[in-house]
Amino acid sequence: MPKGYWVSAYRTISDPEKLAAYNKLAPTAVKAGGGRVFARGGRVVAHGAGIPERTVLIEFDSFEQAVAAYESAAYQEALVALSDGVERDFRIVEGID
């Protein structure tokens, strides 16, 4: 079964306090959903139309698990805390088996 991934590229961070509030809630929701963080905010080299901002990569055992974790009440609470504090490109993608 192909794995699922959350891929987030933060275009701008306009409210660091909202991001901090999100960062207090999101890891618990991700872990409860079975996610494993592979990259979070380290060095980035951007090419093409990419922006060298904070990037996050999280792996789940399946695409369905990744979607369910996003839709969970715990992660939705984290999103409320984040609100309009950032502009990010967030995707859930299916891996190759």
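Buried means under 20% relative accessible area, exposed means over 50%, and partly exposed lies in between. The exercises below use these classes on a predicted model.

**Exercise 1. Describe the fold of the protein chain and its overall dimensions.**

Step 1. Count the elements. The chain has 3 helices and 4 strands.
Step 2. The pattern reads β-α-β-β-α-α-β.
Step 3. Check the radius of gyration. A compact globule of 97 residues would have a value near 13 Å; the chain has 13 Å, which agrees.
Step 4. Take the spans along the principal axes. The C-alpha trace covers about 35 × 35 × 15 Å.
Step 5. Look at contact range. Among contacts between residues at least 6 apart in sequence, 78% join residues at least 24 apart.
Step 6. The accessible area is about 6,000 Å², and carbon and sulfur atoms hold 55% of that. Of the 97 residues, 29% count as buried.

**Exercise 2. Find which residues touch the most other members of the largest nonpolar core, and which elements supply the core.**

Step 1. The core has 17 residues. W6, Y10, L19, Y22, I58, F60 and Y75 touch the most other members.
Step 2. List the elements that give two or more residues. These are strand 1 (4-13), helix 1 (16-32), strand 3 (55-60), helix 2 (63-71) and helix 3 (73-82).
Step 3. Find the largest share. Helix 1 gives it, with 5 residues.
Step 4. In soluble globular proteins, nonpolar side chains tend to be buried together.
Step 5. Follow one member, F60. Neighbours within four places in sequence are set aside. The contacts of F60 then include K3, G4 and W6, as well as V30. G33, G34, G35 and R36 are also among them. Q65, A66 and A69 complete the list.

**Exercise 3. Trace the salt bridges that R36 makes with E59 and D61, and classify each residue.**

Step 1. Start from the total. The structure holds 5 salt bridges.
Step 2. Take the first pair. The side chains of E59 and R36 meet at 3.0 Å, N to O. E59 sits in strand 3 and R36 in strand 2, 23 residues apart, so the pair links distant parts of the chain.
Step 3. Take the second pair. D61 bridges to R36, and the closest N and O atoms are 3.0 Å apart. D61 lies in the loop between strand 3 and helix 2, 25 residues from R36. This pair, too, links distant parts of the chain.
Step 4. E59 has a relative accessible area of 9%, so E59 is buried. R36 has 31%, so R36 is partly exposed. D61 has 42%, so D61 is partly exposed.

**Exercise 4. Examine two loop residues, V45 and S83.**

Step 1. V45 is in the loop between strand 2 and strand 3. At 69% relative accessibility, V45 counts as exposed.
Step 2. V45 and T12 are 33 residues apart along the chain, and their C-alpha atoms are separated by 16 Å.
Step 3. S83 is in the loop between helix 3 and strand 4 (86-94). At 46% relative accessibility, S83 counts as partly exposed.
Step 4. Check the backbone. S83 has a positive phi of about 45 degrees, although it is not a glycine. Most residues other than glycine have a negative phi.

Definitions and conventions:
Residues numbered from 1 in each chain as written. Predicted model: local features only at pLDDT ≥ 70, side-chain atom pairs only at ≥ 80, totals over all residues. Heavy atoms only, no water. Core = buried A, V, L, I, M, F, W, Y, C linked by side-chain atoms within 4.5 Å. Buried < 20%, exposed > 50% of the residue type's maximum accessible area, 1.4 Å probe, protein only. Contact = heavy atoms within 4.5 Å. Rg over C-alpha atoms; globule rule 2.2 N^0.38 Å. Areas by Shrake-Rupley, 256 points an atom, 1.4 Å probe, with all protein chains shown as cover. Salt bridge = Lys/Arg side-chain N within 4 Å of Asp/Glu carboxyl O.
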